[in-house]
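Below are some notes for someone reading a structure of this kind for the first time. Please keep the model open while going through the points.

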Amino acid sequence: MAELGSHIATRSLPLSGVHGGSSMVRLEPAAPASRISLRVRAEDVPALSSALGVDLPVKPKTSAYANGRTALWLGPDEWLVIDEGESGLMTAAANSGVLHSATDVSHRNTAILVSGPGAAAAINAGCSQDLSLDVFPVGACSRTLFGKVEIVLLRTAEDAFRVEVWRSFSDYAFGLLSEGARDAAL
Amino acid sequence: MSASSNSGAFRIKGAGRHTPARTARFTFDGKSYTALEGDTVASALLAHGVHLLGRSFKYHRPRGILTAGPEEPNALLDVSRDAARRQPNVRATVQEVFDGAKISSQNRWPSLRYDIGAINDALSPFFAAGFYYKTFMWPKEAWHKIYEPIIRRSAGLGVAPTEDDPDHYASRYVHCDVLVAGAGVAGLTAALSAAATGKTIILVDEQPEVGGALHYDASTMIGGQNGYDWAQAAAAKLKAMPNVTVLTRTTVFGYYNHGFLGLVERVTDHISRPGKDVPRERLWQVRSKQVILATGSIERHMVFANNDRPGIMLASAARSFLNHHGVAVGNRVGVYTAHDSAYEAAFDLKRAGVSIAAIVDNRDRPGEAVLAEARKLGIDVLAGHAVVDTSGRLRINSMTVARNGNFDRRKIKVDALIVSAGWTPSVHLFSQSRGKLKFEAASQRFLPDVYAQNSISVGACNGTDDLAELIDEAILAGGGRVALSGENRFEWTGGMIGAAEGAGPEDAVKAFVDFQHDVTAKDICLAVREGMHSIEHIKRFTTNGMASDQGKLSNMHGLAIASEMLGRPIPQVGLTTFRAPYTPVTYGTLINHSRGDLFDPARKTPMHALEEAEGAEFEDVGNWKRAWYFPRRGEDMHSAVNRECKTVRDVAGVFDASTLGKIEVVGPDAAQFLNLLYTNAWDTLKPGKCRYGIMTREDGFIYDDGVVGRLAEDRFHVTTTTGGAPRVLNHMEDYLQTEFPHLKVWLTSTTEQWAVIAVQGPKAREIIEPFVEGQDLSNEAFPHMSVAECTVMGVPARLFRVSFTGEVGYEINVPADYGAAVWKAVWVRAESMGACLYGTETMHVLRAEKGYIIVGQDTDGTVTPDDAGYGWAVSKKKADFVGIRGLKRPDLAREGRKQLVGLLTKDPKEVLEEGGQIVADPNQPKPMTMLGHVTSSYWSENLGRSIAIALVAGGRAKVGETLYVPMADKTIAVEVTGMVFVDKEGGRING
Amino acid sequence: MRKYSVFAIAREAMRAHKGWEAQWTSPEPRGAYDVIIVGAGGHGLGAAYYLAKEHGITNIAVIEKGWLGGGNTGRNTTIIRSNYLYEESMDIYEHSLKLWEGLSQDLNYNVMYSPRGVMMLSHNIHDQQVFKRHINANRLYGIDNEWMTPEQAKAFVPVLDISKTARYPINGAALQRRGGTARHDAVAWGFARAAADRGVHIIQNCEVTGIRRGPGGEVQGVETSKGFIGAKKVGVSAAGHSSVVMEMAGVRVPLHSNPLQALVSEPLKPIFPCVVMSNTVHAYISQSDKGELVIGAGTDQYNSYSQTGGLQIITHTLDAICELFPIFRRVKMMRQWGGITDNTPDRSPIQGITPVPGLFLNCGWGTGGFKATPGSANLFAHLIAKGEPHKLASGLTLDRFRTGRLIDEAAAAAVAH
Amino acid sequence: MLLIHCPYCEEDRSELEFRWAGEAHIARPENIAAISDEEFAEFFFLRNNEKGLTYERWRHIHGCGRFFNAARDTISDRFLMTYKAGLPKQPVPVAEEFAAIAEEKSVETWEQTEGDAR
């Protein structure tokens, strides 16, 4: 039955077709990306950094970017690594030769890009963290709560954030961001 | 008619700060009125000479406007924009008029002027405080059936909305260095000072404009200019600073732990036609490093006989209506005071052309300065006198005055009476922050003493009366440098708390302490007489301070009266707790976005839309929406499920199992870790194989279950129940991080990484075979309980050979974004081969036919693995696992525990009720001895009869016995059986 | 004690209510009593009353740190029901409900027991299974509890939203018609007045600081802020602070003290006829005779004796209330407050003897102690008088945490699948 | 809503991100299978439930995911310190903090704060 086997499955994105935002906040689903949840002990961080081509940050609430890959510090032995292209992350991690855990979570998460002068205010509709630039500068990242769902928040520019969220929570996150965006425009 | 006279006959030309040309029309009890923009409902109605606004809670006494602010206890109205935007219990003194507002009075029938309920006032001798505790007891049922309904109807104030609220509300979390609560002189000064340090500041005030007391106090000069004008300029300066946010019409309603404050901003209630994107109110949740409390003080009323008639109001309120709104509260105004501040109100009124009947001063010696000024203005001052009564049914028309200690009385005609007993510092927020108060005997007030949080009180709320001192204090609190000076016309002295002359314990008059709840001085005396010696008892017995103003006016008076009755100083009687919120807060604001789709996330699988298109009905399982069954045209649930059940066993079915929890367990010690967390042994499981696992907590009761596949030596794919996924992961992390941190293993939630398409039934292999690459699906190569990483439709997949139906079964795991495409392709092929889609209901029936349990349905947190018939899953060889000791406790090891068994009704057509209770003797008297209950019960189309699973005491030893399930209308006889009803040999699962 | 009646009120109305006597006195403590009860809440005062009335023991002191009825008795949302699942629970709560039915008459104090019905909403199949399990168990035990369709529920509570489009649509409800509410303060005051009338000393503003034990380990009395007071029998009924008091006797108990919050709205004309509870969306609500909507929120997650809690607990509860009753979104919260509940691992109470001879314990009523007040008090009195539990309370012992024979109402109701 | 210092994130965060995880420093017995029923009840059920200084565990569940320990005053709900999991019970650093607790203990609760106003 080769004719069936040769049907290659196509990808359906969780937030396809959604739109929202306001005069002060732009909301859009991010392009598909590859992601791994990476767990490494402190002594093995350099090996993984070199295997992945991006220095895993060791300072809380920071991220690093290199070669199309962003590594986000989530916990003392935990990173979310996002590759804008088509993966290779699992293989790269496996090639580190040191003890670690890499798990593909490319499809677990989806992302929403929030930008514009009201971006922080829109996110603060449901996020209890201080998003002022002093406390949450460009490059800062954190797992946190947004309304009733967990997100990973990354500041990509002074007025731009990437909101990583589990796919089944993405409708809710987008909906709440839309409400926040509407209010942030006032 | 000029615009200004149009806006009310009591509008004083040249007075007030509103623009005469800008008007708004509204109705009150059906009659139309014109107001000026900036008017409150109170000022607008007063401008038209309307004083009667409501009826009191208990006695239905006519009531007017007592204050000009949020402490208003009387003038509560129903305000609506349209039918759905109707708001009960709105304070007329806070609500700004907007064009088109429809306003009605409350708690009266048939009308405000003639209210039947007022009969309560005549009967009031019977309705003393707490009278209801002493009667209405016979006959027994009469309380609930007769008395209570009557009381309930006459109580309450406004009428609840009857339509869903069409408005929306917003929310904002925000952080700052300093939050300043209150934008009067003290708050503005502190904010200017703090802002100069570069810190981030939020300045909050509940009024539409900043200024606080400067709204009514027209004589104070700040920085060389009129105080109110200075305040507006200061606010403008602050607003222009990048580090400052100024929020007006915003109330700090709660000061909670660790610098957390709740603010409500009223965004549109004053606007005639708000934009549709504008929220009605906005909740600000602020975390502030420091809080400057500049909340001011509240004037108290005088407690004397019939002190509640419309037309009687606080002196500062009258001053506010005059100086801010340009409205005179009467033509001939009496003054009754124990404090100098009321004199200034009289002066302002007099200068505006209002006649002052007399200033009755309860003190023998009023302040020299105000006395001199009164003389200068020709105002009659009766020092050492009291107002001992008033008259006028719907509005005051006279006050009766007597010299203190003298019985001679004389009536003085007035059409309004303004009162002041002095000022109560607003320590509500300080107290909410858990600061400790001290009582300052000289000034008879509670003041902040010991702070519990990083906050500081400045100004009137701190007892600082002197303007220069107040400014210095505020500058110091702000921490910056500001040059500022201010000047008062008069230094105020005086003040009293408690009942005034003629309203003491021996006087049989109604002197109101708490207006809204109709609590009189007498009631407080009665409470003390009845043994209520704690202020909390007095409060609860009389309901003093429990109305919607929460005692802002009444608490101090009540306390003083109780103190006098008890013969104990005030600090020993205590003060009741100030609780949040400072003023009532709309539920809609507190919940803001959490409504409709945003009430609680509805989690949907990647195949949800496709299932919906196939006609699926969904059920809620935790946050998930799961396909429940797939009715075809004309089918009800029962027939759909019967068809699905039959089709799966005869052909095959396709099922969405994506919601099952999944945890990736990775690391060299993964097997060892699972050994500790599950009752089973895992080191013996070979890569490529799966095993059903049971997890207990330390107490030995089943916590979760699921199939675990070993993908590699150091990698397991663990599944959990749908609802259990988050707590199982938390439970695992807890042990890993804190009990077994030496293990080299990590856990990652992968629930949502994978879409899971289960294909079950005799034709399952044939259906999926063409899609799978890289795995031989033959029984030999891939038997039951296998797992493989392979490719499905060109996508990397994890394929499980597992079954929850007893048929040949596969679960295809593909990365979630591919789920829809794979599901669609599989379903097209399955359908062409006669298979069906099935949902959770069919899944439940099929697994029950095989005796597979559902954790949470057949177990309930009190069931051990052995109780469930899964004793085999508890390793006897392991030295340790979570639950090993709990399982050995006496009660868990005893004979006769409830065990899961099968039940077959004697009448095969009879389907038991899930939750039905089981007894041995259905004819025993109640209370019956119950042996257990039915946990699962279904019609089995495959067997042509009903089947059930039950927890029964000593159940496995009772197999073959007849037991009974007594229902309300009949008793059902059942036979206890084993749990497997279909394919007892278990051959089908291997295909 | 001068009897309360409509005639007494009429008489007093004629003389400006000057003739009412104190409902209870505030005596100085004697050196010793036959029985000391620590904690003058409803349970403790009630136990003293029943000791005097049913067991002939009147030489009793009830010792209270603050003011009587000031703990959870005066802070709860006054819900009364008995439709629990397990026999041990049904025994005690139904015993209590029966006492509620005649309590006003027994005490000559209108506690305003109002059997207006307690309705528990079912939102999914799991709820339905659990509720029917309760209903069937209750029926066979002689306790009323009935299943209602969504339409029947709506007929009983017209403001209920039963639309299918709700986030968690309602698929039915369980109603106990005899359930309802009572006036919490009146319960404390009624018991206090009736106990005082029988000679019981209620000693307020007196903190217990120690429990004195004799050479054999037995109780000899309590140290207090007003000095030592002797007694051979001491009953501890100090909800929220049970651990603290028991620690004075060297007894550890399996309790967590958590803040529990509640709130009321501004007063409204009657709109809400009964009590409605929902476990799935976490809310319970009724309307007081004064017209306030009385809403119970959840417990805060951490141990605390602060009587305060987080705003998020309140907002979470209101989310649910407004989801069930959308017309309430414009209603306003007037007052919020907190109490301290002591919670056991199986969410069932502990009442029984302790390892210390003469020391008896009544605690762990969690968030539901008010409904049990007369029943618990009555059985606690029996325990103290006889030295062993009444058969209706025999399953509530401390020992169950050793044997594993828990009464897990929470597990039976709350485990999702 | 508490403000909690996460020792791993080195930052104060809202309580919303955290989950309380019971009394701290209760070690699971190494030989758990061999302990008596009484010892098991002690380990699994009995807790200090302190009024005053308590040592407890929290998990930064919506943050770094780490369990950690905290010393908190259960009367005022003030945190005195937080520290990483696995560390032994830490003494409360500042002597004044003890004094603060002692004083508050005498004041009791919020209610009493009001009632005792001087």
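1. B:Val585 stands opposite C:Met333, which is in β17(C). The two residues mark a place where strands from two chains meet: β32 of chain B, residues 585–586, is joined to β17(C) by 2 bridges, and the strands run antiparallel. Please keep in mind that this is a predicted model. Strands of a sheet pair through backbone hydrogen bonds, either parallel or antiparallel.

2. How many residues does each chain bring to the contact between chains C and B? Chain C gives 84 residues and chain B gives 92. On the chain C side, the elements with two or more residues are α1 (6–14), α3 (87–107), α4 (125–141), α6 (184–197), α8 (311–324), β17 (332–343) and α11 (409–414) of chain C. The largest share of this side comes from α4(C), with 10 residues. Sorted by class, the side of chain C that touches chain B has 40 nonpolar, 26 polar and 18 charged residues.

3. Chain B also touches chain A, with 42 residues of chain B in contact with 42 residues of chain A. Two or more residues on the chain B side come from each of β8 (169–181), β36 (661–666), β40 (746–749), β45 (809–815) and α22 (819–832) of chain B. Of these elements, β8(B) supplies the largest share, 6 residues. The class count for this side of chain B is 22 nonpolar, 8 polar and 12 charged residues.

4. Chain B holds an open sheet of 5 strands in the order β17-β24-β18-β19-β20, with parallel pairing. Which strands stand at the edges? They are β17 (312–314) and β20 (381–383) of chain B; each has a single partner strand, so one side of each has no neighbour in the sheet. Neighbouring strands here are turned by 20° against each other on average, direction ignored. One of the pairs is β19(B), residues 355–361, with β20(B), which are parallel over 3 bridges. Within that pair, B:Val360 has B:Leu382 as its bridge partner.

5. Helix α7 of chain B, residues 315–323, packs on this sheet and touches β17, β18 (332–337) and β24 (416–420) of chain B. The direction of α7(B) makes about 85° with that of β17(B). Is α7(B) mostly covered or mostly exposed? It is mostly covered, as 9 of its 9 residues are buried. Among them are B:Arg319, B:Phe321 and B:Asn323. The buried residues of α7(B) pack against α2 (41–47), β16 (297–300), β17, β18, α8 (341–351) and β24 of chain B.

6. The largest nonpolar core has 415 residues, and A:Ala173, B:Val180 and B:Ile418 have the most contacts inside it. Leaving aside neighbours within four places in sequence, B:Val180 is in contact with residues including B:Gly187, B:Ala191, B:Leu203 and B:Ile292. A second, separate core of 127 residues includes B:Ala627, B:Val641, B:Ile757 and B:Phe804.

7. Some backbone details in chain B deserve a look. A cis peptide bond with omega of about 5° joins B:Trp109 and B:Pro110, and B:Pro110 is in the loop between β7 (101–104) and α3 (119–122) of chain B. B:Asn107 is also placed in the loop between β7 and α3 of chain B, and has a positive phi of about 55° although it is not a glycine.

8. B:His258 is in the loop between β13 (250–255) and β14 (260–266) of chain B and is partly exposed, with 18 other C-beta atoms within 10 Å. Another cis peptide bond, with omega of about -5°, joins B:Lys926 and B:Pro927.

9. Chain D has 3 helices and 6 strands. From the N terminus on, its elements run β-β-β-α-β-β-β-α-α. Of the 118 residues in chain D, 49% are buried.

How values were computed:
Residues are numbered from 1 along each chain as its sequence is written. Chains are lettered from A and ligands numbered from 1 in the order in which they are written. This is a predicted model: local features need pLDDT of at least 70, side-chain atom pairs count only at pLDDT 80 or more; totals for chains, interfaces and linings use all residues. Two strands pair if DSSP finds at least two bridges between them. Helices (H or I, at least four residues) and strands (E, at least two) are DSSP runs, numbered from the N terminus. Axes are lines fitted to C-alpha atoms, for helices over the stretch in contact, and angles run from 0 to 180 degrees between N-to-C directions. Two residues are in contact if their C-beta atoms, placed from the backbone, lie within 7 Å. Ala, Val, Leu, Ile, Met, Phe, Trp, Tyr, Cys and Pro count as nonpolar, Asp, Glu, Lys and Arg as charged, and the others, Gly among them, as polar. A residue is buried if 20 or more other C-beta atoms lie within 10 Å of its own, exposed if 12 or fewer, and partly exposed in between; C-beta atoms are placed from the backbone. A nonpolar core is a set of buried Ala, Val, Leu, Ile, Met, Phe, Trp, Tyr and Cys residues joined through C-beta atoms within 7 Å.
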